[in-house]
Amino acid sequence: STEQLKASIPSLRAKDYKSDVKPVWCPGCGHFGVLAALTKTLAYLELPPEQVAVVSGIGCSSRLPAYLAVHGFHGVHGRALPLATGLKAARPELTVIAAGGDGDGFSIGGNHFLHACRRNQDLTYIVMDNEVYGMTKGQASPTTQPDWCRSKLTPHGTGMRRFQPAAIALAAGASFIARGFAGDPNGLTRLLAAAIEHPGFAFVQVLSPCRTFRPEQQEWKQLVHACELGPAHDAARAAELIQRDDGLGLGLLFEQKIPVYAAGVAADAADTLTAAERLAAIEAEHCR
Ligand code: SF4
Ligand code: MG
């Protein structure tokens, strides 16, 4: 029986989800903590490696798939979410995780982020946010403070207000929003497990310090705090709470169970329907 088969297979440990490739991240980079938390999460959820796919764009954090012993795809800059969306539509039985950084996800990939939030396909999106482009040597990213002036490109700061990932995800219709910290692997493991188990689009912003270009982020260890927002199921209340948030509160910020996007519906109908009927079916499905 399946039960006997399951019992005969020794359960996997976190290290079994690590590949043999040695990370090239700088010593002390926060992304090591995310890698450790993700492998612990996959082991905790007992997900068979062949049932998991991790998809990324470009950046230091986007190297993640190479370091995992699950299916991986290292795509092009900013396109982790379109790749993950297509993969999940074609292979709905897979657990699909998109991962990357703040530059990749919120700048060039910002538009994809908005639409992934409102589509509510069953995906997990991990953004390792260090408020900088690390791979290209430390330029300001969408989440950089307006007065951060250590980059030669912005010697007087960017002068622009920061992208607010949690507030924007909420406004765009995300059904699960959480914030974790790379220096808190146990807390992050719990959030990632909840995100993967959430039916629908789960967005996890992970504060992941860049040791090399933002050494001051080492202070995050002292500054992060348990989130006072708590799971606020009412979107209006969550919006109010997220607005008051200082960006360093950790925990589940918002969760709501809403219908999950299913690509199969329109595709099945396409076999037997005329083009006009197909359009009507798609509209009926999506306007519910
Ligand atoms: Fe990590 Fe920054 Fe080094 Fe990139 S540049 S590997 S983000 S410490
Ligand atoms: Mg970054």
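Predicted model: local features only at pLDDT ≥ 70, side-chain atom pairs only at ≥ 80, totals over all residues.

The chain has 288 residues, and 42% of them are buried. It holds 11 helices and 8 strands. If you take the contacts between residues at least 6 apart in sequence, 67% of them join residues that are at least 24 apart.

Now zoom in on strand 1, residues 52-56. Is strand 1 mostly covered or mostly open? Mostly covered: 5 of its 5 residues are buried. In a regular strand, side chains alternate between the two faces of the sheet. Here you can check both sides, with V52, V54 and S56 on one and A53 and V55 on the other, all of them buried. Strand 1 also has a partner on either hand. It pairs with strand 3 (residues 95-101) in the parallel sense over 5 bridges, and S56 stands opposite A99 there. Strand 1 runs parallel to strand 2 (residues 71-74) too, joined to it by 4 bridges, with V55 opposite F73.

Strand 5 (residues 176-181) and strand 8 (residues 249-255) run antiparallel, with 4 bridges between them. To find your place, look for A178, whose bridge partner in strand 8 is L252, and for F176, whose partner there is E255. Strand 7, by contrast, runs parallel to strand 8 and is joined to it by 2 bridges. H225 stands opposite G249 in strand 8.

Two packed helices are described by the angle between their axes and the distance between the axes. For helix 3 (residues 80-90) and helix 5 (residues 110-119), the angle is about 35 degrees and the axes lie 8 Å apart. Helix 3 brings L81, P82 and T85 to this contact, and helix 5 brings H112, F113 and A116. By class, that gives 4 nonpolar, 2 polar and no charged residues. In helix 3, the buried residues are A80, L81, L83, A84, T85 and K88. What covers them includes strand 1, strand 2, strand 3, strand 4 (124-129), helix 4 (102-108) and helix 5.

Next, the interior. In soluble globular proteins, nonpolar side chains tend to be buried together. The largest nonpolar core in this model has 59 residues, and the members that touch the most others are Y125, I177, F203 and V206. Y125 is a handy one to click on: leaving aside neighbours within four places in sequence, Y125 is in contact with L81, A98, A116, F201, A202 and F203. Apart from that core lies another, of 7 residues, including W25, C29, V132 and Y133.

Now find ligand 1. Which residues surround ligand 1? They are W25, C26, C29, H31, C60, N130, G134, M135, C210, R211, T212 and F213. This shell divides into 7 nonpolar, 4 polar and 1 charged residue. W25 and C29, which belong to the 7-residue core, are also part of the shell.

Last stop: two backbone angles worth a glance. E131 has a positive phi of about 55 degrees, although it is not a glycine. K137 is another non-glycine residue with a positive phi, in this case near 80 degrees. E131 sits in the loop between strand 4 and helix 6 (165-171), and K137 lies in the loop between strand 4 and helix 6 as well. Why does E131 count as buried? Because 25 other C-beta atoms lie within 10 Å, and 20 or more is enough for that label. K137 has 12 C-beta neighbours inside 10 Å, so it counts as exposed.

Terms used. Residues numbered from 1 in each chain as written. Chains lettered and ligands numbered in written order. Core = buried A, V, L, I, M, F, W, Y, C linked by C-beta atoms within 7 Å. Contact = placed C-beta atoms within 7 Å. Near = placed C-beta within 6 Å. Nonpolar A, V, L, I, M, F, W, Y, C, P; charged D, E, K, R; others polar. Pairing = 2+ DSSP bridges. Axes fitted to C-alpha atoms, helices over the stretch in contact; angles between N-to-C directions.
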